[in-house]
Amino acid sequence: MAEEHVEGKASESVIDKITEKLHMDDSSSSSDSDNEKSSSAATSMKEKVFRIFGREKPIHTVFGGGKPADVFLWRNKKISAGVLGGATAVWVLFELLEYHLLTLVCHCLILSIAILFLWSNATTFINKSPPRIPEVSIPEDLAVNVALSLRFEINRAFAVLRDIASGRDLRKFLAVIAGLWVLSIVGSCCNFLTLFYIVFVLLHTVPVLYEKYDTQVDCFAEKATIEFKKQYAVFDARVLSKIPKGPFKNKLH
């Protein structure tokens with residue numbers, strides 16, 4: 001009887017160990033599944049983060065990822081500062097000092113040609129080699145590629161304008177009209193050179209600031225987008241929906 005009692009206790013202990021092991025496996029598997037769910041939820045939350053203009057790539061990649069992107073994002077501060085300083089000097093020269101482009105080009109050509117001419121003639125007296133003036137020519141492939149790229153962009157702009165004028169998308173039409181109206185107001189306040197310089201300065205300041213504070217800007221842009229969609233829905237229900245549709249949209253419907 002004692003032996004049977006000992007064997008019963010041993011079997012019970014073995015069964016208890018097996019059940020404890022099964023419970024531990026179940027808890028570990030459940031914790032693993034919970035971790036997987038939490039990680040998948042975290043990744044889905046990261047994927048659902050609002051980005052301005054629907055951006056899915058870094059700012060450096062959006063700007064092309066080459067040397068122009070490095071200049072705009074101040075990867076090399078000396079080059080970026082030099083480019084911005086050169087643009088500022090050109091703007092001060094033509095806008096504030098009222099120096100004309102044709103006059104500047106002619107004066108620079110006169111100065112450079114005179115220096116090279118005097119240097120070439122002076123080498124015969126000082127027994128030195130004349131200056132080597134490089135031959136400058138525009139490659140045919142480069143000119144053809146630039147012309148093809150310009151042709152493609154102009155044709156695409158014409159296609160976009162035709163699509164807007166055909167009355168297919170009222171929202172795009174209103175956005176273009178508002179943008180052109182704002183641009184006309186800005187153009188009446190400043191000339192083309194000043195406008196170009198303002199855009200150039202914005203390209204050298206806004207992207208680097210956005211890259212630094214992208215989280216705060218995206219959060220604010222999300223709230224502004226939601227509010228704009230609400231206001232546009234109200235405007236659409238009260239005004240746009242009451243405008244009679246054109247013959248093209250009636251045919252589509």
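Predicted model: local features only at pLDDT ≥ 70, side-chain atom pairs only at ≥ 80, totals over all residues.

Student: At what angle do the axes of helix H4 and helix H8 cross, and within what distance do they come?

Tutor: The axes of H4 (residues 77-96) and H8 (residues 192-212) cross at roughly 165 degrees and come within 11 Å. Axes are lines fitted to C-alpha atoms, for helices over the stretch in contact, and angles run from 0 to 180 degrees between N-to-C directions.

Student: Why are H4 and H8 called roughly antiparallel?

Tutor: Angles over 145 degrees count as roughly antiparallel. The crossing is at roughly 165 degrees, so H4 and H8 are roughly antiparallel to each other. Their crossing is left-handed.

Student: Which residues of H4 and H8 meet?

Tutor: On the H4 side, Ser-80, Val-83, Leu-84, Ala-87, Thr-88, Trp-91, Phe-94 and Glu-95 meet Leu-193, Thr-194, Tyr-197, Phe-200, Val-201 and His-204 in H8. Contact means heavy atoms within 4.5 Å. The residues of this contact divide into 9 nonpolar, 4 polar and 1 charged.

Student: How many helices and strands does the protein have?

Tutor: There are 10 helices and 0 strands.

Student: And what percentage of the residues count as buried?

Tutor: Of the 253 residues, 10% do, where buried means under 20% relative accessible area (1.4 Å probe, protein chains only).

Definitions and conventions:
Residues numbered from 1 in each chain as written. Heavy atoms only, no water. Helix = DSSP H or I, 4+ residues; strand = E, 2+ residues; numbered from the N terminus. Parallel < 35°, antiparallel > 145°, perpendicular 65-115°, else oblique. Left-handed = near helix turned anticlockwise from the far one by under 90°. Nonpolar A, V, L, I, M, F, W, Y, C, P; charged D, E, K, R; others polar. Buried < 20%, exposed > 50% of the residue type's maximum accessible area, 1.4 Å probe, protein only.
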